[in-house]
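Please look over the protein shown below. The questions after it go from single contacts to the whole chain.

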Amino acid sequence: MEIIVTQAHKRRAVLSFGKMEAPCSIGKGGITKNKAEGDLCTPAGTWALKRVFYRGDRIKEPETGLQTFSISKNMGWSDDPNDKKSYNTLINKPHPYSHEDLWRSDNIYDIIVELGYNDNPPIIGKGSAIFMHLARDNFEPTAGCVALKSSDLISLLSLVKRGDLVNIIKK
């Protein structure tokens with residue numbers, strides 16, 4: 001099945017999947033068809049749901065048909081266009097290039113769903129670390145990801161399986 005994320009206004013969207021509908025935040029710059037590293041936009045298009053990462057020290061493993069991994073303190077995601085070898089991939093820290101830390105002090109990465117954006121193969125500068133993750137309490141915009149409240153993301157994960165897609169639509 002396909003998850004649909006439709007831009008409701010510049011920094012908010014609505015996620016629909018079967019009978020489920022949930023508000024979500026998107027990138028500060030809205031949704032774009034021309035994603036570039038650092039533009040704060042969420043990429044329009046259809047992307048595979050890949051792996052789920054979670055903070056096992058804070059939450060229990062989500063029930064899902066996707067592959068799950070517990071986040072460790074040394075996990076990161078390369079977001080540096082100068083990192084020709086590991087751009088837009090999971091890396092181990094320390095890492096000599098800029099990267100997202102997956103082990104964060106806030107809770108937005110307590111659950112991360114890796115989206116199959118710019119990954120086959122990654123094109124340097126087209127954007128990296130595009131995830132579905134937990135929203136901040138006030139649904140602040142993201143740096144390019146799709147963010148849901150915890151109960152909605154946990155419900156969604158219980159419904160999805162390998163091969164499911166997310167279609168992000170610019171209105």
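Q: Which side chain meets that of Glu114 in a salt bridge?
A: This is a predicted model, in which local features need pLDDT of at least 70, side-chain atom pairs count only at pLDDT 80 or more, and totals for chains, interfaces and linings use all residues. Residues are numbered from 1 along each chain as its sequence is written, and side-chain values use heavy atoms, with hydrogens and water left out. A salt bridge is a side-chain nitrogen of Lys or Arg within 4 Å of a carboxyl oxygen of Asp or Glu. Glu114 has such a contact, 2.6 Å from N to O, and its partner is Arg51.

Q: How many residues apart are Glu114 and Arg51 in the chain?
A: Strands (E, at least two residues) and helices (H or I, at least four) are DSSP runs, numbered from the N terminus. Glu114 is in strand S11 (residues 111-115) and Arg51 is in strand S6 (residues 45-54). The pair therefore links distant parts of the chain, and the separation is 63 residues.

Q: Is Glu114 buried or exposed?
A: Buried means under 20% relative accessible area, exposed means over 50%, and partly exposed is in between (1.4 Å probe, protein chains only). Arg51, at 25%, counts as partly exposed. Glu114 has a relative accessible area of 7%, so Glu114 is buried.

Q: Over the ring of which residue does the charged end of Arg55 sit?
A: Arg55 is buried at 3% relative accessibility. Arg55 forms a salt bridge with Asp57, with the closest N and O atoms 2.8 Å apart. A charge sits over a ring if NZ of Lys or CZ of Arg is within 6 Å of the ring centre and within 35 degrees of the ring normal. For Arg55 the distance to the ring centre is 3.5 Å, and the ring belongs to Trp103.

Q: What is the angle between the planes of Tyr109 and Phe131?
A: Rings of Phe, Tyr and Trp (its six-membered ring) pair if their centres lie within 6.5 Å; planes under 30 degrees apart count as stacked, over 60 as edge-to-face and the rest as tilted. The structure holds five aromatic pairs. The Tyr109 and Phe131 pair has a centre-to-centre distance of 5.8 Å and is edge-to-face, with an angle of 90 degrees.

Q: Which parts of the chain does the pair of Tyr109 and Phe131 tie together?
A: Tyr109 is buried at 4% relative accessibility, and Phe131 is buried at 1%. The two residues are 22 positions apart in sequence, so the pair ties together the loop between strand S10 (99-101) and S11, where Tyr109 lies, and strand S12 (residues 131-134).

Q: What is the omega of the peptide bond from Asn120 to Pro121?
A: Most residues other than glycine have a negative phi, and most peptide bonds are trans. The bond from Lys93 to Pro94 is cis, with omega near 0 degrees. Pro121 is in the loop between S11 and S12. The bond from Asn120 to Pro121 is also cis, with omega near -5 degrees.

Q: What is the phi of Ala129?
A: Ala129 is located in the loop between S11 and S12 and is buried at 7% relative accessibility. Its phi is positive in a residue other than glycine, near 55 degrees.

Q: What is the radius of gyration of the chain?
A: The chain has one helix and 14 strands. The radius of gyration is taken over C-alpha atoms, and the globule rule is 2.2 Å times the number of residues to the power 0.38. That rule gives 16 Å for 171 residues, and the chain's value is close to this, so the chain is as compact as a globular protein of that length, at 15 Å.
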